[in-house]
Amino acid sequence: MIDLFKFEISALNNKTILLEWRMDPSDTLLEHLIKFKSLIEKDFQVNRCVTGYQSLLIEIKNKIRSLTYWEEHLKKLQKKNKTIIKGIHWKIPVCYDLKYAPDLLNLSKEINLNASEVVKLHLSTRYRVYFLGFLPGFLYLSGLNSRLYLRRKKKPLLKVPKGAVAIGGMQTGIYPNISPGGWHLIGNTPVNLFNPKKKPPCFAKPGDWISFEQIDSDTYTKIESEQKNGNYQLNKI
Amino acid sequence: MIEILQTGIHTSIQDIGRHHFKNFGVPVSGALDQSAYLIANSLLNNSPEAAALECCIKGPKLKFHDDFYICLTGAEMNARLNDEILKNYKPYFVKKEDILSFGIAKTGCRTYLGISGGIKTEKVLGSRSQYKNITSSDKISKNTIIPIGKSNFKPAVGTRVKEQKINYANKKIEVYRGPEFKYLKKEQQKLIEKKIFHISSLNNRMAYQLKEKFIHNLPQIWTSPVIPGTVQCTPNGSIIILMRDSQITGGYPRLLQLTESSIQLISQKTTNSKIRFKILPKII
């Protein structure tokens, strides 16, 4: 039995506490972290809390006086952890046509599959959102089929297009905006993952689920323009 | 209002930062040298959150369209109001049609221009700090107009804080041990403090990369939160000091953590500056 309640505590600087769990990331740990985080954020001494795969970073209002105090305080708080995390399941439309998937053929060749098998495997998984990072609106997703693992490109691309759906190492993800990146681009979504003018700026949150839905390029164009006019609604399951 | 006649090298609107959207992957941003930025606001009796211009290496040329008070802090950048040479850390009255121009930074690298009333561009996600894909641009643009807020500020006679004693040439960068520091071998732990490092040309608001490589045996980590001042070490030994525009999570081992005042000091340094890490005792 893994002990979810066992964490290591350290101070990153005089106002930042880091909690680390010495176990591999899992949905059980993820749900524990999400619940614990929401309890921590309600504490009046805390400014905010950020999650990683197996860690929580806590920014506190005043200087840390004693780590022992925080360790005991947080351990007590952790025991109140009772809510259930359901998470919303989002269906994200992706066009895997070659004009949107510059690396699909090369990736297929490298992992000895044909392009349609790659797409089928990519579509067959329900991915879990672990946290957001790297870029505003970038979702760290878990659950990629191990047959699709491929180490990142040696030379990152300077401008990965917005909406690119990609595979890098053991992960898959969507580039919310143009950025440099070393992942293999196997498709593109017309859906906007990050809009700073919206509240919240990204629809997905840790604990949610994502699956991809294949669309043709006409549908891509249609969704793109619907989104521009503000009358596109993403499908939930 | 203020009109931008020339932009300088990289001049951007910055404030105290965008702290509340980290969970959406949004960087903190804000003035890199928070100390200089906050002093500019306090000398003008502005709120600590009032946005200012951060000028890097060579500042802009500006024309004032109303009367204001302004105050410069941080690096010395040969600022001139029309023909008059301006000193840092002193409020000056500027009139409509006056022109403010900057030269190249003599000491330090970043100068803050505070304006009474503060810059009033649109707030995005709780801050005016410019950052690509959040605000419309990551720096100011030529021939644009920047709105300024209202203020009744009148300086008391002779207001000027004592010249700031911060020596921007100081090599010593104070750090705490980072979460993965303990995995270094003893001799590597000693070496990181002994070695003189140089800042490479890859230095900007996002991160400062150092020229020298640091060979290490640090394990790979699962992506974990990082904050400004976190010192990462890549598998090939590159050392990267994260600054305020950096991403909020990272997958490289975290070797060291700069103190707040060291972040301010390093943000006044640029390509080829020498630094030496000084490890402070454990925080608690």
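Between domain 1 of chain B and domain 2 of chain B, twelve residue pairs are in polar contact, counting pairs in which both residues have pLDDT 80 or more. These values come from a predicted model. On the side of domain 1 of chain B that touches domain 2 of chain B, at least two residues are supplied by each of β2 (12-14), α1 (34-43), β5 (68-76) and β10 (107-115) of chain B. Of these, β10(B) provides the largest share, three residues. By residue class, that side of domain 1 of chain B comprises ten nonpolar, twelve polar and four charged residues.

Turning to charge pairing, one salt bridge is found across the interface of domain 1 of chain B and domain 2 of chain B. A salt bridge links B:Arg205 to B:Glu54, with 2.8 Å between the closest N and O atoms.

Contact involves 26 residues of domain 1 of chain B and 18 residues of domain 2 of chain B. The size of an interface is often expressed as the accessible area lost when the parts come together. Here, domain 1 of chain B and domain 2 of chain B bury about 1600 Å² between them, with 51% of it on carbon and sulfur atoms. Within domain 1 of chain B, the residues that lose the most area to domain 2 of chain B are B:Lys22, B:Leu32 and B:Arg110, which together account for 35% of what that side buries.

Definitions and conventions
Residues numbered from 1 in each chain as written. Chains lettered and ligands numbered in written order. Predicted model: local features only at pLDDT ≥ 70, side-chain atom pairs only at ≥ 80, totals over all residues. Heavy atoms only, no water. Contact = heavy atoms within 4.5 Å. Buried area = accessible area lost by both parts, 1.4 Å probe. Salt bridge = Lys/Arg side-chain N within 4 Å of Asp/Glu carboxyl O. Polar contact = N/O pair within 3.5 Å; in protein donor to acceptor, adjacent residues only side chain to side chain. Helix = DSSP H or I, 4+ residues; strand = E, 2+ residues; numbered from the N terminus. Nonpolar A, V, L, I, M, F, W, Y, C, P; charged D, E, K, R; others polar.
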